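Please examine the model shown below together with its sequence. The paragraphs that follow proceed from the strands to the cores, and then to a helix and a loop.

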Amino acid sequence: MYKVLFRIEKLELVDKLKTKITNLKTYMEEVGKDLQIEIVFSGNVVEYFKGDYSYFKRPDLDVALCQNALNTAKMEAIFDENIRTVRAGIGEIIEKKSQGWIEFTIE
C-alpha cells in the first residue's frame with residue numbers, strides 16, 4: 001500500500017493537483033498497486049473551498065484543510081464527508097511523514 005500525501009499552498013495550482021491525482025491513480029491501477037491519498041491544503045489555496053469543491057468530495061481522497069490558512073482567509077472550519085479541518089497543515093504533514101507517508105508538493 002502506497003500512502004501519498006499531496007501538499008498544496010497556491011490557489012492557481014489546483015488544476016495541476018487534479019492532474020497529478022489522476023495520473024497517479026491511473027499509474028497505480030496499471031501496475032496493480034494499492035493507493036491511499038491525503039491532500040493537505042494550506043496557504044491561499046483554501047479559498048478554493050469557498051466555491052464548488054465537489055471534485056474533492058470523494059471517498060478515495062482524505063482532505064485536510066489548515067485552520068491557520070482558513071483563519072487568514074476569514075473562513076470557517078469545514079467538515080464535509082471526507083473533508084476536515086486540522087489545527088495546522090504543517091502539523092498534519094509532519095505527523096503523516098512520521099508514519100511513512102510519501103510527500104509530494106504541488107509547485
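Strand β2 (35-41) is largely enclosed by the rest of the structure, because five of its seven residues are buried. Here buried denotes a relative accessible area under 20%, exposed one over 50%, and partly exposed the range in between, computed with a 1.4 Å probe on protein chains only. Strands (E, at least two residues) and helices (H or I, at least four) are DSSP runs, numbered from the N terminus. The model is a predicted one, in which local features need pLDDT of at least 70 and side-chain atom pairs count only at pLDDT 80 or more, while totals for chains, interfaces and linings use all residues. Residues are numbered from 1 along each chain as its sequence is written, and side-chain values use heavy atoms, with hydrogens and water left out.

Strand β2 pairs with β1 in the parallel sense over seven bridges; two strands are said to pair if DSSP finds at least two bridges between them. Within this pairing, Arg-7 stands opposite Val-40 of β2. The chain crosses from β1 to β2 through α1, and this β-α-β crossover is right-handed. Strand β3 in turn runs parallel to β4, to which four bridges join it. Ala-64 has its bridge partner in β4, namely Arg-84. The chain passes from β3 through α2 to β4, and this β-α-β crossover is right-handed.

Which residues touch the most other members of the largest nonpolar core? They are Ile-39, Phe-41, Phe-49 and Phe-56, in a core of 29 residues. A nonpolar core is a set of buried Ala, Val, Leu, Ile, Met, Phe, Trp, Tyr and Cys residues joined through side-chain atoms within 4.5 Å. At least two residues of this core come from each of β1, α1 (14-31), β2, β3 and α2, and α1 gives the most, with five residues. In soluble globular proteins, nonpolar side chains tend to be buried together. Leaving aside neighbours within four places in sequence, Ile-39 is in contact (heavy atoms within 4.5 Å) with residues including Phe-6, Ile-8, Leu-17, Ile-21 and Phe-56.

Helix α3 (residues 89-98) has Gly-89, Glu-92, Ile-93 and Lys-96 buried. Seen down the axis of α3, these buried residues fall within an arc of 100 degrees, so they line one face of the helix; the arc is that of the directions from the helix axis to the C-beta atoms. Ile-94 and Ser-98, on the other side of α3, are exposed. The cover over the buried residues of α3 includes β1, β2, β3, β4 and β5. After α3 comes Gly-100, whose phi is positive, near 95 degrees.

Strand β4 contains Thr-85, which is buried at a relative accessible area of 13%. Not counting residues up to four places away in sequence, Thr-85 touches Leu-65, Gln-67, Leu-70, Ala-77, Ile-78 and Phe-79. A polar atom of the Thr-85 side chain lies 2.8 Å from the backbone nitrogen of Ile-78. Such a polar contact is a pair of N or O atoms within 3.5 Å; within protein, one must be able to donate a hydrogen and the other to accept it, and residues adjacent in sequence count only if both atoms are side-chain atoms.

The loop between α2 and β4 remains. Lys-74 lies in the loop between α2 and β4 and is exposed, with a relative accessible area of 76%. Glu-81, found in that loop, counts as exposed at 66% relative accessibility. Phi of Lys-74 is near 55 degrees, a positive value in a residue other than glycine, and phi of Glu-81 is likewise positive, near 55 degrees.

Terms used. Right-handed = clockwise from strand over helix to strand, strands pointing away.
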